[in-house]
Structures are given as structure tokens and as C-alpha cells.
Amino acid sequence: MSNETPARSSTPADVSDQTKPTVRSVCEIIDGSIDGDLRTDSTARAMYATDASIYEATPYAVAFPMDTDDVATIVDVCADHGIPVLPRGAGTSLAGQTVNEALVLDISRQMDEVISVDPDAKRATAQPGVTLGRLNTHANEYNLKFAPDPAWGDKSTLGGAIGNNSSGAHSLKYGMTDAYVESCEVVLTDGTVTRLGEVPVDELRENADPSGSRLERIYAAVLGIIDDNRDLIERAYPDLKRNVSGYNLAQLPAEADGGAVNIARILAGSEGTLGVVTEATVSLEPVPAAAATSLLCYEDLIDAMRDVSIILDREPAAIEVVDDVLLDLARETAEFADVCDRLPAGTNAALLVEFYGETAADASSRVDGLLADRVLTEGTSTDIPSSKPQYAFDALEATTDAERDKLWKLRKSGLPILLSRTTDEKHIAFIEDTAIPPTNLPDYVEGVQEILDDHGTFAAFYAHAGPGVLHIRPLIDVKSTAGVAQMESIADAVTNLVVEYDGSIAGEHGDGRARTQWNKKQYGEDVMAIFRQVKRAFDPQCLLNPGQVYGDVSLTENLRFGPDYDLDVPFDPTLHWRNDNGFQGMVELCHGCGGCRGDQDTTGGIMCPTFRAEDEEVYATRGRANMLRQALSDGIDDMDVTSDEFVKSVMDHCVGCKGCARDCPSEVDMAKLKAEITHQYHEEHGASLRDHLFANINTVAKLGSRLAPVSNWLADNAVTKRVLERTVGIASDRTLPQFQRRTLRNRLAARDHRLTDAESNRNVVLVPDTFTNYVSPEAGEAAVSVLQSASVSVTLSDVEDLGRPAFSKGMLDVARNRAQQAVDELVEYVDQGYDIVVVEPSDAVLLQEDCTDLLDSTAAERVTSNSYGVCEYLDRFGLDENLSGKAGGSSIAYHGHCHQQAAKRDHHAVAVLRRVGYEVDPLDSTCCGMAGSFGYEAEHAELSRSIGEQLFAQVDDSQAMTVTAPGASCRSQLASRGGDEAKPATPIEFVAEAIE
């Protein structure tokens, strides 16, 4: 085999300088030749310039192929014109593998089908764009699963798992993706479509030809590794369970000794540099019958590291570590505090150890054996043989799914906590997944800690201790020249340490831009020459994802936030931004993990309803965040964030559900960002008539109530609907709210809605929000009845409009004025010992959260801390515990309001309904899609319905007899599905019915 090093015929710089006219003409050819879409606009290119890494490189264009033929056409045309191509899945890569100056192939949108599952052969065939979560949904029907379980598997794709050779927390048992790749349909750079898989060595010898067809050249390259470079490969590759550095060649000699090699497995970890996978057949494993978990507690991290190799002798399925940095941060967060409270005092590191078993008793007994052997208990002799010292001083045990989930929740707390920083210094990924033999872990960790100390920073150590893969993210400011130098120096020193301790520089997240430059230090120049030979055999022009794995991309080039980065906010933010770096800090917070790209079937949660409906990057929180940041930092040509184009094409499709503020690991608050940007847009361009109508819906509702039923007849008239759509933009096929002549105020005026002091235990001021007062007064009546039954004295507030409609429309001055009026009245009640209760969830959350974004005052904070949704109030203070419920086991499907879900307050209604006798099925649903006025707006109506279909499907799948939802918008959306249950009742109405 030739030792010639292939020329880099298409480095990013070369392409940028020389081929731009060619790119335009090539895109025109491709666009007319494929069934899928091709986009060359600056918006699409900006969205695909980043992934989950610290890098940014703007592609030339983005293609969305429909099938293998489309991929072959695109690759063939690009090869003819020397245009680089980058295949990409969900863009969840942490090392920068999926950003490059190339034509991007997004295979996640269209090529995402599970083609077949063969339970007898324990195999599945699927397209590369399918998420691992969806693949497992199909496999689970046969009690099987795709065994590698990366943490982001419900968002990341099968093609990405192959490209990165992904693994996961249970790799001790299952290994990496390459072990499960049986065959792949692949498009090579000459446009050839072939299926790579297992090939007998004799067939290799018969067909190998270094100057023949593309496949014959690949055979020759593989044969050269087996015959000529066996000893070199065996010496150079570390003996580890996890190594994704360089090309996946280590297994070839052993396979050849068995008479055949699987060439498809070379693609595993190749990061799209060798071919474009368009279909894959993978093997499956049985779902474990039972599991049990324990959390071993240590006084320090090094003790935990010393224990790993000893625990491995017991063959656990997983060993995960959490250090003191993360434990301290977790203790300070409401979400993880309850788990941390269970840890014994003095816990500064913990190992989560999980065992599988044939039965629950079997798994539990394995945990018992571990604890008996590895945990010092009172009275244990300290005279322990040095060959097997004990380091853990205590432990927690979990055998049920709920208990196990709590311990895994603590282990997984690391990423959200580390990624929530809005300072210029961030915990960044560049040495985060080195793999070290477990026996060397204690010395390695001490060495890394010394390196970080020498560089004046620190990091958290967590994740996969069992296979020796630790996630280490130093705190660094790469916006400064000194920070970039610090990063490179740390990476260089850590790489030396990895080599010293017989490890790998990439045990999980791959080479990409972060580690390719260190492969020479890892393997030596001779092995790097083999990498280039393999690259030349598959891709002689070096057009596929050029520079990665085999090449010379640099750790410090193409940084998203580098010394030259500058973000210019052309306005003074109106809202209060209490995070570090304020508005700018929130704009820069999205790190690109793709957590917003989940689907309802496999992900659950709220985020991101528009992406789930449309499956397009611009509809995801990540897409909007990327666009906003790049527009403010001149990353998009001639794009102003307050321009009509930006607001309508990027921000306008956000439904403001607040799901990202809860579900995003970084807690990007896109709803708040949208409100700020929309407000600035109104300041420049003015608000539309429709915006004014919806922002002042309380005034409209008051008038509509006085004119009812005439107003309702007019609103439901076909002529009126057509006029409203043409003039104002309100969808003609939507049923507008029906106003009630007798409002909540009217109804309560005729009855005594207060209890005497002797009868009452608590005092409440009830806010008659717009919808409760004018559209659904029966919900308000129910709230008063239930509160009175719970011995609560109820007084009606004079305030109705708290500012939520204006806030949602980005009319923040109006929202602030109304919130101020509400606070001025309500704080007086608070001072008198009253609690504030609201029936409509979005209004309740405005008081609880958004109010202090609008108003920076002690009065606002007092109102916020004393405001509750009605069911939340009953549950939080146990007021319903003595109510006599008579629901008789009636079953209800419960759809929580997205704002309350985001605020983690939606569970209260479920608890109350259950206590008064209902069987409740809480749907794991996202936003209903109506989202206030969103679903009534003509240009959004279709998207609104698409989002709603996800909810409708969940309701239909539920075994419950009926459905309930607290939000007015949610109930309107549910009513639009038709059927016998045209308009669901609120949870508080069901409670009132049960206790009557």
C-alpha cells in the first residue's frame, strides 16, 4: 500500500476563497435534481454553523435529502465540482464534528424511518436520521433495545451514533456502537451506493486493487492494515473498553484471524469523513429483566477513583461518579436538593453503581454483596488488607424504578448545572471525555487537578468512571486571548498525561475539531499515515468533512466565542435580566446540545412544541437562539433583530410556552427573549391592530360580555369571520371565545362569598382574571366553593388584567403598567395576611415569575412569593385533605398548562384530584398549541393545529373517561378536536363536583 499522504484538496479556507461562484452553480444543479430541499439563504446557513461544541463554521448550503438517491446525487455533483460535504444528524456533537465549511446534509428531517425489526435475528434496519429513542420504541415491542445508551439518545440519531461510535452509561456491559453495526448502505464520494458489511478475508484478497474501483481500493486499504500494519496497530491502540480516537481499526486484525472482517465497522467513529450512511442494520439486545442501584459515598474524589477497579471485579452494568463540585452545586438547586438531603454528612464524592439481574431479587442481592464488601460500617475493622482497602463510608440503595430514578437524577444533575452559567467564563468541553485504564484513574485525576491548579482554574469530574471515561469541563473564558492560550495549554498537558497513563484522548465524544490535532501525539506519525491512507481509499479528494480525524483542524480555530467575538445589543433591554451578563448572557446561553429537538413519543416534557410539529431547526429553541446570537454579532448578512424579516421568520413562531426555561439543560428562556425582542420591534415599527386587540383582550371581553349574546352571534357568523381574517388576521376557521352575560363578579355579588373570621382558617384574595370572569365564570364559582369548603375566606380583587396578554404580545410598557396596578392593590392584601389565588394558570405564573421581570420592587417580590394557582394553593397547604370527595373512581386525563409545567407547579392539580377520589392520568404533554392568541392568528393556525394533534393523540391513547385542563387556551384547543366533549371543564370544577 502506498504511504503517500493525500493532499488536503479542500481545506475550509481554500474552499471559502476559491469556490464561492462554483458553490452557487452547484447548488442550482442540485436543487433541480433532488426531491428534497436545498437552502442557501443566510438564515439556514447560520443555524447549521454550530452544534453542541464550542465551534462555529458557516456552511455553504444545507440540503435535506429525501432518500438515498438524493444523497447520491448531491455527493456526486459536489465531487465533480470539488465541494466538501458534511453529513449531519441532530448536531449534538461535543467536539465540533458536525460543523464545517461544506454543504451540509441534514439527514434527520426526512431520512428517519425504522424500516424493520427482526426479533428472531435480534436486528433492526433503519435510516440514519432516526433517533435512538424512536428506534428503541420499535425494538421495545419485542423486549429488545439498541444497547448503546448515550445520555442524549432520545435526540441524537442512529447515523450520529455510528459516526461518533457512541456508547453510554452502561458501556461496561454493552460496549460501543461498532459492536452492533452489522451492515451499512453507504454513498461513497464517487456517487457509488454500496452496502458495506462482513467480507471474508479471501474475498478481500481476490478483489483488492489500489488502483481499481472505489470499493476495490477500500478492500486494498483494509488488507494493508491486516497484512502490513498489524503489529503497529496492536501496539499503538490502547487496551480500553472505550476509545473513539482516530479511525476504528484496532479490531481488524482479530476479525481477520476469524476469517472475515466487517468493513462497516470502520465507519463507526469516522465522523462522516469516509462515506455517507443512508441505511444501517444493527443488532439488538434483550431489555434487562431487573436492575438495582446503589450510591456509595466517599470523603474525597480520589478515594472514589481508587475503588473503581475493585468494584469492576463484580461486573456491574455501570459505575458513574459525581464529585464535590457538582454535589455542592446540586445542593443549592431546588430540583436536586431533595436528593442531596439524603446524602450523609461528609459526602464529597459518590459512585453510582448499577447491577442487572435475571430477577429483582438477583439484582438486589448483587447490590447487597457490593455494600457488604465495599462500605465501612460501624464496628468494621480498620485492619484491612492493603490489596483490597475499603473507601466508601456509607451508601444509599435503590431497587424500585422510582428510587433508581432519583439516584440517576443526581448523577445527571451535572450537565444542567454546569451549563447554566451566563458569565463569559464557561465550563467548556475540550478534555471532557478522556479514557483511562481504571487502575490508573486515581493518579490521572490527581495529575489533571494539578494541571488545572497550575492554570488557575478548576473543573467538575463526573460521568462514566467504570470504563475510565470522566467528563472534565474546565472553567475558561475563551473570549480572551489569554483564555484561548490557557485552553490549548491545558489540552496539551492533559494529552501528555493521557499518553503517560495508557489512555485515549477521546473515550466518548470523538476527535472533531477539539482533538484531531492531538491524534499524532496519541498514535504517532506512522499510524497517522495509515489514517490518511484509509481516508484516501474512501475519499481520494478529501471532500467528506475535511480535516477531521485524519487531518489538521485546530483546537483553537473556528471558536464560537473567540477573542474576536463581539455581540452588540442595539437597545437597552426593557425587562429585568437578573442573570450574569443580563440580556447578553441569556442570548449566549444556548450551547447547542439539541435538547429542544425531542419528539413527543420518546422525549416527553414541554420543549419544544413547534419543533415537534414541524421537525425544522428554525422551529427549535436552538435554532432561534443561534439566529438571535448571530444576528446580534453580525453572523448573518444584513439581518437586524428588530427587522420585520427576523421577527417574523425567527421569533414569531415561538409559542412562548416557557418549556425551554425548564427542559433546556442551560435553561435558555426563549419566551422571555421573544417578549424583549418583540417589544423592541414594536418600538421601531409599531404594533398591529391585532396585537392591540389581543393585548387589550380584557377590554374586548368586558364589551363582549355586555353585548352578549349578540356579540357571540357576530363572532360566530361566517361573514364576520371572513372579514376578521382579511382585515385583522384572525383565522376564520377558529371558534372565538363565547362571552358570558353574567360574569363571575355578577354571580358572586348575589351570594355571600366571604366566611366570618370564626369560620375561616385562611384569607384569600381571588383575582377574577379575564377568562375566568368573562368566559368561564363557572370555574371561578367552583374555586370559591372549594375554598369555602376548606374554611378559606374569599375576597374578590378589583384587578382583572394582570398584564399577561400584553406581555405575550411583546407590549411590555403596557404589561408593566398593568402589573404595577395589580401589585399596588394586591400587596395591600398581602400586608394584611391574605394569600393571592388565581384560577387561570398563565395569569398565576405571571404573578409568580414574570411580575419581577417587569417590576424591580420589594412590593412585586412580596406579591410573587404569596401568589398561587387555585389547586396549587389547596395542595401546598393541605387544605383539601379534610374535604369529603365523592368522585367514585372516575378517571380523568389531565393536561397541565405549559406555564405551570415550566414553573414546576402543574403537579398540584393531579394531587388534589386524586385526593378527592378521581383516578388521574397525567399526560406528559407539551403546549397545547393554542398558546393564548397564537392559535387564533391566521398565519399560525396550521402550526397550532399540528401542535395540538400531539395532545389529541395522547388524550385518545389515555384510558381515562374524560379530560381536564386548567388553561383557557388549552380547553379551546381541546374543544376544537370535536366529539362529545366539546369543552373540557377545569380541574377545580371537577374538585367542586366531587365534594358537593
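This is a predicted model: local features need pLDDT of at least 70, side-chain atom pairs count only at pLDDT 80 or more; totals for chains, interfaces and linings use all residues.
Lys122 has a positive phi, about 55°, and it is not a glycine. Its relative accessible area is 36%, so Lys122 counts as partly exposed.

Glu315 also has a positive phi, about 55°, and again this is not a glycine. Look for Glu315 in the loop between α12, residues 301-312, and β15, residues 318-323. Is Glu315 buried or exposed? Exposed, because its relative accessible area is 62% and the cut-off for exposed is over 50%.

Staying with the backbone, on to cis peptides. One runs from Met607 to Cys608, with omega near -10°. Cys608 lies in the loop between α23, residues 582-587, and α24, residues 609-614. Another cis bond joins Ala708 and Pro709, and there omega is about 10°. Pro709 belongs to the loop between α30, residues 697-707, and α31, residues 710-715.

Next, the interior. As a general point, nonpolar side chains in soluble globular proteins tend to be buried together. Here the largest nonpolar core holds 145 residues. Which of them touch the most other members? Leu296, Met305 and Leu351. By element, helix α37, residues 812-831, gives this core its largest share, 9 residues. Another core lies apart from it, with 60 residues, including Ala126, Tyr247, Leu274 and Ile530.

Ala822 has a relative accessible area of 0%, so it is buried. What does Ala822 contact, once neighbours within four places in sequence are set aside? Val799 and Leu802. Asp801 is 21 residues from Ala822 in sequence, and the two C-alpha atoms are 7.9 Å apart.

Now helix packing, with two pairs to show. Take α38, residues 841-854, against α39, residues 858-865. The angle is about 160°, and the axes are 8 Å apart. That angle makes α38 roughly antiparallel to α39, because anything over 145 degrees counts as such. The crossing of α38 past α39 is left-handed. On the α38 side, the contact uses Leu847, Gln848, Cys851 and Thr852. On the α39 side, it uses Ala860, Glu861, Val863 and Thr864. By class, the contact of α38 with α39 has 4 nonpolar residues, 3 polar and 1 charged.

The other pair is α42, residues 907-915, with α45, residues 987-995. Their angle is about 15°, with the axes 10 Å apart. So α42 and α45 are roughly parallel, because the limit is under 35 degrees. The crossing of α42 past α45 is left-handed. Ala909, Val912 and Leu913 of α42 meet Pro987, Phe990 and Val991 of α45. How does that contact divide by class? 6 nonpolar, no polar and no charged.

Last stop, Gly932. It lies in the loop between β26, residues 919-922, and α43, residues 941-957. Its relative accessibility is 36%, so Gly932 counts as partly exposed.

Definitions and conventions:
Residues are numbered from 1 along each chain as its sequence is written. Side-chain values use heavy atoms; hydrogens and water are left out. Axes are lines fitted to C-alpha atoms, for helices over the stretch in contact, and angles run from 0 to 180 degrees between N-to-C directions. Helices (H or I, at least four residues) and strands (E, at least two) are DSSP runs, numbered from the N terminus. Angles under 35 degrees count as roughly parallel, over 145 as roughly antiparallel, 65 to 115 as roughly perpendicular and the rest as oblique. A crossing is left-handed if the near helix is turned anticlockwise from the far one by less than a right angle, and right-handed if clockwise. Contact means heavy atoms within 4.5 Å. Ala, Val, Leu, Ile, Met, Phe, Trp, Tyr, Cys and Pro count as nonpolar, Asp, Glu, Lys and Arg as charged, and the others, Gly among them, as polar. A nonpolar core is a set of buried Ala, Val, Leu, Ile, Met, Phe, Trp, Tyr and Cys residues joined through side-chain atoms within 4.5 Å. Buried means under 20% relative accessible area, exposed over 50%, partly exposed in between (1.4 Å probe, protein chains only).
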